[in-house]
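Visitor: I would like to learn how to read a model of this kind, feature by feature. Where do we begin?

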Amino acid sequence: MSDTSTLKIEDTNDNYASCAVEIGSFKVTAIHDGYFELPISFIAQPKGDLGLDTESTFHLDVNAFLVQSATHNLLIDAGSGGKMGPNVNRLVPNLAKNGLTPADIDFILCTHIHPDHTNGLINTDNTPIFNNAQIFVHQTEIDYWLTDKQYALAPADLRCVYDWAREAFAPYAGRTEAFTQGLILPGIEALPLFGHTPGHSGFQIDGGGNKQLIIWGDAVHRIAIQSRDPDISAQADVNQDDARASRRALFDRVATDDVLVTGMHMSFPSFGRLRRKGVGYDYFAEH
Ligand SMILES: [Zn+2]
Ligand SMILES: [Zn+2]
């Protein structure tokens, strides 16, 4: 179980700029980067007719997470940056509301290389934003998004995603470290959640004294729908079958162990828990 102490900072445009929870020795703060307005078919498509209004849209929040220990300021994901429209790119101003500038960030752990998670590493002129940070990303993500071989294989309509990935990581070439699994930094462990992208990873924060949080990245895009049926995927899931298998195993584990969870596309800030219900789960938001 986690502590329940929270601190919310009002943002007149966003409802909230950030929300913090204490996980043992870590303070974890959800930082709102903004949102996208997407067609409901982004979620419903793989399972056909879910009885939803197919003309409707939904609001997909984009979150990053600031993890602070006594000695370090670490970000998990870097938001969408300035190339993805007017409703995102609020990470840096919302960090400032927590008293931090990009120069204060020591480490950035990337769940995966999708533009809403890594375009925020750079300014619109492709210069780096985080001048003191070391970047960690799964080896398979590097192989899939950043190599010339994969770029040559990319379909034409996805080339811009690969271009963005290469632009985002180019300034960090000398300070990007690949991981495969296990402990990345003291108390922070990578969890393989492959499928959304080939090396997509969550992160488990262990703050000591049995205080845990799992940040599940893009394993979930619409919790109200996917908790009831974890087999429902998203169009953005690169390998739908692997994404389903990862989500099922993840949900089983966090419900069994009663672990506090959150993710990059939970309605901001939404730290919560899953409890089994029928063939699926109910999600209970705590913050
Ligand atoms: Zn993604
Ligand atoms: Zn995403």
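Guide: In β8, Glu-177 is the bridge partner of Phe-136. Strands here are DSSP E runs of at least two residues and helices are H or I runs of at least four, numbered from the N terminus. The model is predicted: local features need pLDDT of at least 70, side-chain atom pairs count only at pLDDT 80 or more, and totals for chains, interfaces and linings use all residues. Residues are numbered from 1 along each chain as its sequence is written, while chains are lettered from A and ligands numbered from 1 in the order in which they are written.

Visitor: What is the mean pLDDT of the chain?

Guide: pLDDT is the predictor's confidence in each residue, from 0 to 100. The chain has a mean of 92, and 91% of its residues reach 70 or more. Over residues 1-5 pLDDT stays under 50, and the model has ten contacts beyond four places in sequence for them. A contact means two C-beta atoms, placed from the backbone, within 7 Å.

Visitor: In which sense do β7 and β8 pair?

Guide: Two strands pair if DSSP finds at least two bridges between them. β7 and β8 pair in the parallel sense over four bridges. Strand β6 (residues 107-109) also runs parallel to β7, joined by three bridges, and Ile-108 has Ile-135 as its bridge partner in β7.

Visitor: How many residues of β7 are buried?

Guide: A residue is buried if 20 or more other C-beta atoms lie within 10 Å of its own, exposed if 12 or fewer, and partly exposed in between, with C-beta atoms placed from the backbone. In β7 (residues 134-138), four of the five residues are buried.

Visitor: Which residues have the most contacts inside the largest nonpolar core?

Guide: In soluble globular proteins, nonpolar side chains tend to be buried together. A nonpolar core is a set of buried Ala, Val, Leu, Ile, Met, Phe, Trp, Tyr and Cys residues joined through C-beta atoms within 7 Å. Here the largest has 64 residues, and Val-28, Phe-65 and Ile-108 have the most contacts inside it. Helix α6 (residues 159-169) gives the largest share, five residues. Beyond its neighbours within four places in sequence, Val-28 is in contact with residues including Phe-65, Val-67, Ile-205 and Leu-213.

Visitor: Why do the buried residues of α6 line one face of the helix?

Guide: An α-helix has 3.6 residues a turn, so residues three or four places apart point the same way. In α6, Tyr-162, Trp-164, Ala-165, Ala-168 and Phe-169 are buried. Seen down the axis of α6, they fall within an arc of 160° (taken from the directions from the axis to the C-beta atoms), so they line one face. They pack against α3, α4, α5 and β8. The face turned away from the buried side carries the exposed residues Arg-159 and Cys-160.

Visitor: Which residues of β12 are buried on each side?

Guide: In a regular strand the side chains alternate between the two faces of the sheet. In β12 (residues 212-215), Gln-212 and Ile-214 are buried on one side, and Leu-213 and Ile-215 on the other. β12 pairs antiparallel with β11 (residues 201-206) over four bridges, and parallel with β13 (residues 260-262) over three bridges. Ile-214 stands opposite Gln-204 and opposite Val-261 in β13.

Visitor: Is Gly-209 buried or exposed?

Guide: Gly-209 lies in the loop between β11 and β12, and counts as exposed because it has 10 C-beta neighbours inside 10 Å.
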